[in-house]
Amino acid sequence: MMTTHFGILGGGNISRTHASAAREIEGGEVVAVCGQNKEKVDLLARECSATPYHDIDAFLLHEPMEVVLVGSPSGLHAAHGIQAAGRGKHVLVEKPIDVATGRADELIAECERHRVKLGVFFQDRTAPDLIALKRLIDSGSLGRAIVASAGVKWYRPAEYYSGSRWRGTWALDGGGALINQGIHTVDLLIWLMGNVRAVSAITRTASHKIEAEDLAVAILEFDSGAIGTLEASTCVYPGFARRLELTWTEGTVVVENDRIESSRLRNRADAIAAEPQQDERASSHVVSDTRGHRAVIEDFLISIRDDRVPLCDGSDARRSLQVVEGIYQSSRTGERVVLSAETDAEGVADGPANPKNAHS
C-alpha cells in the first residue's frame, strides 16, 4: 500500500477526528498540522508525530503532502481549499463546502483548474442502512417520491457557542443550527429524494445568545413533485435522535440516527433489514468514532487513484448549501424562494431565482 501524506488544516475537535481517521487508513500518515491556536495545533501535531505550522503558506510548502483535510471554521473552507489547490494538493473539506455558494463556485473552479480532486465530508452517506436504501431507490422499486419529514431536534448548551469565536456567527459559521447541524440532513434529503426546487421557511433564535438561528423550520419542494418538511434545532432539550420519515408510492421508510427503524413497503421482498451495529450514536449527534470520516477519506483516495468522482464532490455539496441559503433568504423575506427552474402547465420553464445569502 502506497503511503498517503495528509496535512490537517485546523486544530479543533473536527480536525482531531480527521487526523484519527486518516491515521487509521492503511498507508495513511499525518505529516503536518496547521492552525491559529498554537496550543491545540502543537498538541495534535505531537500526537501525530507531525510538523506544526501556524502559517498556511509555510504549511502548504511541506513535502511530502498529497492531501489536505480542511477543518477550519466554515467561512474559511473555500479560501483555504483554494490555497491548497493552488499548491497542487487534493482537497477534502469538512461540511459545509463553505457558507456562500459564490465562494463554493470559486473553490470548485480552482480545483478543476489545477486538476486536483475536491471532496466534502458528508459521512452519513457511508452508513450501511442508508446505502441499502439508496440502492433500492435507484433501482426504482420504491416508485415515485411523495413526501418527506426530517427532524433534527438536538440540544447544545450555552457554552457550546460562548466557548467558540465562530460558532453561531454569520461570517464564520454561515448561520446556526441549520448550516452547522442540519446541513447533514439537507444533504441526505437531496441524496435520497432528489433536487430541491423551492423552499419556504421560518427561523428563530429561541434560546441561545448568538447572531444566527438555533431553530429553523422549512417546507421543501422537490423537482420530482414531492414535498417535505425540515426541522433543525440546537435548543430542544435534552436532544433527540435525528428522524426521517420518507414516503414513496410503494411504501414508507423511517430512519433514526442513520439506521432504518421501519420499512413498510408494498412488495415485502423489498423490505430493508437494519444492519446490526455494536453501538448507537448519541441523540446530540456527537460522533464517538471515526468510521464515517474514515470511509469518506478511503473513498476519496480511491477517487484519486481511479480518477473518478468522490462520494460527495464540490458540485454535489453545493446543492445542500444552496438549499440552506434559500431557507435563510425565505426566513428573512417571508417569501417562497425558487432555487431551480419551474415548469408551468404548458411546459414553459420559469427562470431560477438567485438567492443571496443572508450574510453575503
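These legends describe close-up views of one predicted protein model.

Residues are numbered from 1 along each chain as its sequence is written.

View 1. Helices (H or I, at least four residues) and strands (E, at least two) are DSSP runs, numbered from the N terminus. Of the 360 residues, 53% are buried. Buried means under 20% relative accessible area, exposed means over 50%, and partly exposed lies in between (1.4 Å probe, protein chains only). The chain exposes about 16100 Å², and carbon and sulfur atoms supply 48% of that area. Accessible areas come from the Shrake-Rupley method with a 1.4 Å probe; for residues, only the protein chains shown count as cover. Take the contacts between residues at least 6 apart in sequence: 68% join residues at least 24 apart. Contact means heavy atoms within 4.5 Å.

**View 2. Helix 5 spans residues 101–113.** Its 13 residues reach 18 Å from first C-alpha to last, close to the 18 Å expected at 1.5 Å a residue. The expected span is 1.5 Å times one less than the number of residues. Thr 101, Ala 104, Leu 107, Ile 108, Glu 110 and Cys 111 are buried in this helix. Their cover includes helix 4 (77–86), strand 5 (90–94), strand 6 (118–121) and helix 10 (314–333). Just after helix 5, Arg 115 has a positive phi of about 55 degrees.

**View 3. Helix 10 is followed by Gly 334.** The 20 residues of helix 10 reach 28 Å between the first and last C-alpha, close to the 28 Å expected at 1.5 Å a residue. Phi of Gly 334 is positive, near 75 degrees.

**View 4. Helix 6 (residues 128–139) crosses helix 8.** Their axes come within 9 Å and cross at roughly 35 degrees. Axes are lines fitted to C-alpha atoms, for helices over the stretch in contact, and angles run from 0 to 180 degrees between N-to-C directions. From helix 6, Leu 130, Ile 131, Leu 133, Lys 134 and Ile 137 meet Leu 188, Trp 191 and Leu 192 of helix 8. By class, this contact has seven nonpolar, no polar and one charged residues. Ala, Val, Leu, Ile, Met, Phe, Trp, Tyr, Cys and Pro count as nonpolar, Asp, Glu, Lys and Arg as charged, and the others, Gly among them, as polar.

**View 5. Asn 180 sits in helix 8 (residues 177–193).** Asn 180 is buried, at 11% relative accessible area. Leaving aside neighbours within four places in sequence, Asn 180 is in contact with Lys 95, Tyr 160, Trp 166 and Asp 173.

**View 6. Two peptide bonds to proline are cis.** The bond from Glu 63 to Pro 64 has omega near -5 degrees. Pro 64 lies in the loop between helix 3 (56–60) and strand 4 (67–70). The bond from Lys 95 to Pro 96 has omega near -15 degrees. Pro 96 lies in the loop between strand 5 and helix 5.

**View 7. Asn 257 and Asp 258 lie in the loop between strand 12 and strand 13.** Phi of Asn 257 is positive, near 45 degrees. Asp 258 also has a positive phi, about 70 degrees, although it is not a glycine. Asn 257 is buried at 11% relative accessible area, and Asp 258 is buried at 4%.

Conventions
This is a predicted model: local features need pLDDT of at least 70, side-chain atom pairs count only at pLDDT 80 or more; totals for chains, interfaces and linings use all residues. Side-chain values use heavy atoms; hydrogens and water are left out.
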